[in-house]
Amino acid sequence: QLPVHALSSASDKYPKPQGVAFTYGTAGFRTKGDTLESTLSRIGILAVLRSKKLNGQTIGVMITASHNPAIDNGAKLVDPRGEMLDASWEHYATLLANAETTSELLKVLTGLIPELKIDWTKPSRVVFGRDTRPSGEALVKALKAGLEAMGCDAPMDMGITTTPCLHYMVKGSNLKQEAQIKYGVPSEQGYVQKLATAFTKLMKGKTPASPLIVDCANGVGAVALAKLAPLISDILPIRLLCTNTSDASALNHSCGADYVKTNQKPPPAVQEVMEKGQRACSLDGDADRVVYYYLNPDDGKFRLLDGDKIATLAAGFIGDLVKQAGLSDTLKIGVVQTAYANGSSTQYLQHNGLPVRCVPTGVKHLHHAAERYNIGVYFEANGHGTVLFSEETIDILNAHEPRSPGQETATQHLLCLVDLINQAVGDAISDFLMVEVILAHKRWGPVEWDQGYEDLPNRLVKVNVKNRFAFKTQDAERRLVEPKGLQERVDAIVNKFEKGRSFVRPSGTEDCVRVYAEASTRVGADELAAQVATLVS
Ligand code: NG1
Ligand code: ZN
C-alpha cells in the first residue's frame with residue numbers, strides 16, 4: 001500500500017512553493033531551476049506509478065531546460081520505448097506538481113492509484129540523467145527522495161548526459177536480451193560505440209571529410225563529443241567550440257542552435273574561426289537539436305541549413321537508397337513537418353514526390369505521425385528531429401535478398417542508418433553524423449546541399465498577451481478558432497503579401513503568443529509579421 005509515512009517526510013522536505021502553478025507542457029515542466037525541487041520529488045513519485053502501471057518497465061526522467069538560460073531548469077518523463085510521456089499522463093504530472101500541501105498530495109495519490117488501476121505489487125524501474133545546469137544536482141536529490149519514498153528498486157543515475165542518450169538508455173533497457181544485443185548496450189559507452197561503429201561503416205571508402213566545426217552551446221554536447229570525436233577523428237575531424245561547461249553562465253549564451261536560428265548568424269566564437277565555404281553546426285544545451293550553416297564562398301553571406309534542409313537532405317538520400325535497394329514498391333517514405341517549416345521546403349518535398357504531413361508543434365506530435373510510415377523523416381525547422389524506421393521495415397531490410405551488388409550495398413547502408421540515427425528521439429550528434437554521411441556519399445559541400453531550394457524570407461516574433469490560453473487553433477495550429485473573428489483579420493493581411501503566409505499560436509513553453517510570417521521578400525516577411533503581431537497584441 002501507499003507508503004504514507006515515507007511520502008509525507010519526502011514531501012515535507014520539498015514543500016511546493018506558494019503562488020506558483022506548474023504545467024507539464026510540450027517540453028515537460030520548465031521554469032526557474034530553484035523553484036522545481038518539489039516538482040522533481042513528485043516526478044519521482046509519478047515515474048514509479050508509471051513504471052508499475054507498465055508492468056515494471058523502465059521509465060526515464062531527464063532534467064534539462066534545453067536551450068533556455070542556465071538559471072532555468074526543467075524535467076520530463078520518458079516512456080518505455082524511449083518516447084515522450086504518453087499525453088494522457090501529462091495531466092497527472094500537473095496534478096501532482098500542484099498539490100499545495102503534503103496532505104493534499106497524499107489525497108491526490110490516494111485517488112490516483114485506483115483511478116489508474118495501479119497494481120502496487122509490481123516492481124518499478126527508473127533511470128534518470130541531467131544536463132550541466134548548476135541546479136541539476138539539487139533537483140536530482142529531490143527526484144531521488146520521491147523515488148525512494150515510493151520504494152523504487154535501485155533507480156539508475158546516468159549523471160550528466162544528453163537528452164537523446166537518456167532516451168536511448170530507456171529504450172534499450174526495455175528490450176529483451178536478444179533484441180538488446182542488436183540494439184547496443186544500454187549505457188552511455190554503449191551509445192557512443194554504436195554511433196561510432198555505424199558511422200565508420202557508412203563512411204567506408206569515402207574520402208575523409210574536411211573539418212566540421214561543432215558549437216556545443218557550452219552544454220552537455222561537449223561532454224558527449226569529447227568521448228565520441230576521438231573514435232571517428234580519422235574519418236571526420238571535428239573542431240569543438242563552445243565547450244565551457246564549468247562556467248554555468250556560458251550555457252546557451254551567445255551560442256547554440258537557438259542563437260543561430262533566431263539571430264540568423266553564427267555565434268561570435270564560430271564567426272571568429274569560420275572560413276568561407278566551411279560547414280559548421282550548432283547544438284543546443286541538451287544536444288537534442290542541431291542546425292548547420294556556412295558562409296557563402298562568393299560574398300561571405302551567412303546561409304542557414306536548418307531542420308527543414310536536414311529533412312529534405314535525409315528524405316532525398318534515403319529515398320534514393322530505397323530505390324537502389326529495389327524496395328521502392330515496398331517501403332514508403334514520408335516527411336512530417338510543423339507549420340514553422342519554410343513553405344519552400346514543403347513545396348520542394350512535394351515536387352520530389354515525397355508525401356508531407358503537417359502536425360502541431362512539439363516532437364511528440366511529429367514522432368507519432370512519422371511512425372505511420374515505413375520510414376518517417378521528421379524535423380522541426382529549429383532542428384529537433386530524426387528519421388524513424390518501423391520494426392516492419394527493419395525486418396524487410398534484414399530479409400531482403402538483393403539481386404545485384406548495388407542492391408546489396410544500398411540495403412546495408414539503410415541498415416547502418418538505422419543504427420546511426422537515434423530511433424527514440426532526435427539527437428543533435430547522431431543527426432549531424434547522418435548529415436556528414438550523406439554529404440560524403442554525395443560528395444557535396446554545404447553549397448551543393450543548399451541548392452535544392454531557396455528559403456522564403458521569414459520572421460518569428462513573440463507577442464506578450466494577457467492570456468495566451470485565449471488563443472485556440474486548429475488545422476495543425478495554422479488557423480485560429482478563438483478569439484473569434486481574428487483569423488479572418490489575419491487572412492485579410494496575409495492576402496496583401498506575395499507568397500504571404502502567417503499564423504498565430506500560443507507557445508507551449510513560454511508565456512507568449514508566437515507569430516510566424518513568410519513572404520516573397522525580406523521586407524514583406526517583416527512587415528507581415530509586424531502587422532499580424534499588432535493585430536494580436
Ligand atoms: P513553443 O514554445 O510551443 O513554440 C518551442 C519550439 C518548438 C519545440 C518546443 C520544445 C518554435 C517555434 N517552437 O515550442 O518547436 O522545440 O519549444 O522545446 O521553435
Ligand atoms: Zn534541447
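Two strands pair if DSSP finds at least two bridges between them; helices (H or I, at least four residues) and strands (E, at least two) are DSSP runs, numbered from the N terminus. The views show a predicted model, in which local features need pLDDT of at least 70 and side-chain atom pairs count only at pLDDT 80 or more, while totals for chains, interfaces and linings use all residues. Residues are numbered from 1 along each chain as its sequence is written, chains are lettered from A and ligands numbered from 1 in the order in which they are written, and side-chain values use heavy atoms, with hydrogens and water left out.

**View 1. Strand S8 and its partner strands S6 and S9.** Strand S6 (residues 212-215) runs parallel to S8 and is joined to it by 3 bridges; Asp215 has Ser282 of S8 as its bridge partner. With strand S9 (residues 290-295), S8 pairs in the antiparallel sense over 4 bridges, and Ala280 stands opposite Tyr293 of S9. S8 and S9 form a hairpin with 6 residues between them, and Ala287 in the turn has a positive phi of about 60 degrees. Strand S8 (residues 280-283) is covered on both faces: Ala280 and Ser282 on one side, Cys281 and Leu283 on the other, are all buried (under 20% relative accessible area, 1.4 Å probe, protein chains only).

View 2. Ser66 (OG), Asp284 (OD), Asp286 (OD) and Asp288 (OD) coordinate the ion at 2.0 to 2.1 Å. Donors are N, O and S atoms within 2.8 Å of the metal (3.2 Å for Na, K and Ca); water is not among the atoms, so sites may look incomplete. Along the chain the donors follow the spacing S-x217-D-x1-D-x1-D. Asp284 is buried at 0% relative accessibility, and Asp288 is buried with a relative accessible area of 7%.

**View 3. Packing of helix H9 against helix H17.** The axes of H9 (residues 220-232) and H17 (residues 428-442) come within 11 Å and cross at roughly 35 degrees. Axes are lines fitted to C-alpha atoms, for helices over the stretch in contact, and angles run from 0 to 180 degrees between N-to-C directions. The contact (heavy atoms within 4.5 Å) involves Gly221, Ala224, Leu225, Leu228 and Ile232 of H9 and Ile429, Phe432 and Leu433 of H17.

**View 4. The open sheet S15-S19-S18.** The 3 strands are paired antiparallel in this order. Strand S15 (458-463) and strand S18 (501-506) stand at the edges with a single partner strand each, so one side of each has no neighbour in the sheet. S15 pairs with strand S19 (residues 513-518) over 6 bridges, and Lys462 has Arg514 of S19 as its bridge partner.

Conventions. Buried means under 20% relative accessible area, exposed over 50%, partly exposed in between (1.4 Å probe, protein chains only).
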